[in-house]
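Here are my notes on the model you sent over.

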Amino acid sequence: MDGFIKAVRTVSLACGFVAAFLIVLGVFIVCEMVFERSVLGTNTIWQTDFVTNCLIAATFIGSPYVLMTRGHVNVDVLPLHSGPRFRFWLALFSILLAMAFVIILAVLAYNFWYEAWSHNWRSNTVWRERLWIPYAAMPAGLILLALQYVVELICLLTGREPPFGLKPGARHGTEAGL
Amino acid sequence: MSPTTAGALVLVVTLVILVSGVPVAFGIGAISVIFIVIFQGFDGLQIVAQTFYSGLDDFTLVSIPMFVMMGAAIGSSPAGKDLYEALDRWLYRLPGGLVLSNLGACAIFAALTGSSPACCAAIGKMGIPEMRRRGYPDGVATGSICAGGTLGILIPPSITFILYGIATENSIGRLFLAGVVPGIMLTGLFMIWTLITISRSGFRAYAADFRYSWKEKFNAIPKISPFIAIIVGVMYALYGGLATPSEAAGVGAALCLVLAIAIYRMWSPAEWWQILRDTTRESIMILTIIAAAVIFGYMLTSLYLTQTLAQGIADMHVNRWVLMLMINVFLLVCGFFIPPAAIILMTSPILLPIITAAGFDPVWFGVILTINMEIGLIHPPVGLNIYIVSAIAPDVPLTRVMWGTLPYVLCMMLGIVLLCIEPRIATWLPDLLMGG
């Protein structure tokens, strides 16, 4: 079991690196686009689509890493103010519900990707890219996310991790940023 | 089932599921799937994956990770410390000058990062220990940083405004401009309150014979001026028609990365990974909520819930200001429990038809909504900034931090009242620069 958990976490960490790389790539392509248009005075063709695709891919591929590091924000008022037993059941409900959604979405995303691939869909933009390529990030990322959720479930049920990652007596657990 | 009953059911199930602690993005996604299956059957799910993907397939959204990266690069560097020291050297002679320096630094840092927690943490790490060392009351030291941090989501570039702009299809550039004067106004209100508190207690921060030399004052400027130049450059590119928000943000992010390396020598892989990790985590969290909120919006619209609610409120024929008061109370209560990104994405599409039908300017309302979200950031039980400040000063009791923030909450409420009395506080600048 430990081997499985370690393997999935390593994959999730790798997903984090890939997502970070895609975001940085997006930054550089945006700079290249601005330079090409403003300084060289040429038209840009592929950059807008490419950057958008990079960030969509980063969102799906990086999601398991964000889950592993508890970056997906939640409303933690009730978990924080509940006893250990109730907190455990809340965490179990939370993981099962989210996992069910992710699995359903992964199946639907696969069908969506398969349709794009089998019908050779292309974008309506000037670039006319093959859409199955960017769409592939969605089922791939969601399957990895589902795997990370399996690890979260195992860790909760076996007591490897406290519910919601909250230590007893925790006052606050989210990073509800902005 | 009538739309009203369905609406009530959606509301109850949404509250129950979100309060259980499920991640907001997956929670609202699951709620949407459940209700689509209940009301449309399994065939209704065919569109879900496409809707989820199309929610992200928008070049405007590129600005979010770019601005987040800009904030992460500056937030990870000692720029906050330099900014704070520079302001202190210029303002130290004023009574309460250190608090004013902190609030000013928060306002400027807000313009650099667009993030409330980043602003709170960066300025608070230097500001709170220094204020306490110089004998400022704990409530003032912690409360002012909590409140100053919230300016991050009002003063542009603001991720809150980007989300609102996307959710309501309003110009992000116009929203950014609309936040400038209210942001300065709130900073002013915070400063006035601080000056009143400090002068009432007869407090002096420095010995009367203490002086910074002019050399020391001017020496503090060079390190921070490039970052200020980037902000001015980004805003010029945005409003000079040279670049879209996403392009301006992308160039700004690249420049901030370069400056963090050039000025603060942030060469090590660990420092790089900290910037990239923070960017990745926050961006993906926000983008996933956006995608899920699009399915949620699709579900609400396809069940006619949005339209029914808007029609129901229109049929009540209540005074528009009573309606605004009700909306403010609703947003305030939401802000106490739910993170700003989720509130904006879930409520904006519902509230927008009501707001426009009542004759309110949606850009002006974006500012009102953002100030409500700011209050939520310093009000328990969620009140993220309170907990950030509490982590910086763990020996200050949490209750004292909360009491310290209360006057600033009242300042924000006063700000909302002033904006209602004179909406041009928000709309004047965008009208002037972008036309009415």
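1. How many helices and how many strands are there in chain B? Chain B has 21 helices and 0 strands. Bear in mind throughout that this is a predicted model.

2. On overall dimensions, chain B has a radius of gyration of 22 Å, and the globule rule for 436 residues also gives 22 Å, so chain B is as compact as a globular protein of that length.

3. Now the inside of the chain. Of the 436 residues in chain B, 61% are buried. If you take the contacts in chain B with a separation of 6 or more, 80% of them are between residues 24 or more positions apart.

4. Is B:Ser101 buried or exposed? Its relative accessibility is 0%, and the cut-off for buried is under 20%, so B:Ser101 counts as buried.

5. Who surrounds that serine? Setting aside neighbours within four places in sequence, B:Ser101 is in contact with B:Tyr84, B:Leu87, B:Asp88 and B:Leu91. With B:Asp88 there is a polar approach to look at: a polar atom of the B:Ser101 side chain lies 3.5 Å from the backbone nitrogen of B:Asp88.

6. On to the interface. The contact draws 67 residues from chain B and 61 residues from chain A. About 5,600 Å² is buried between the two chains, and carbon and sulfur atoms give 78% of that area. On the chain B side, B:Phe26, B:Tyr53 and B:Arg281 lose the most area to chain A, together 15% of what that side buries.

7. What about charged and polar pairs? Across the interface of chain B and chain A the rule finds 1 salt bridge. Here the side chains of B:Glu247 and A:Arg37 meet, at 2.8 Å from N to O. The count of residue pairs in polar contact between chain B and chain A is 4, with both residues at pLDDT 80 or more.

8. Which helix gives the largest share of the side of chain B that touches chain A? That would be helix H14 (residues 269–302) of chain B, with 14 residues. As for the make-up of this side of chain B, its residues divide into 46 nonpolar, 15 polar and 6 charged.

Methods. Residues numbered from 1 in each chain as written. Chains lettered and ligands numbered in written order. Predicted model: local features only at pLDDT ≥ 70, side-chain atom pairs only at ≥ 80, totals over all residues. Heavy atoms only, no water. Contact = heavy atoms within 4.5 Å. Buried area = accessible area lost by both parts, 1.4 Å probe. Salt bridge = Lys/Arg side-chain N within 4 Å of Asp/Glu carboxyl O. Polar contact = N/O pair within 3.5 Å; in protein donor to acceptor, adjacent residues only side chain to side chain. Helix = DSSP H or I, 4+ residues; strand = E, 2+ residues; numbered from the N terminus. Nonpolar A, V, L, I, M, F, W, Y, C, P; charged D, E, K, R; others polar. Rg over C-alpha atoms; globule rule 2.2 N^0.38 Å. Buried < 20%, exposed > 50% of the residue type's maximum accessible area, 1.4 Å probe, protein only.
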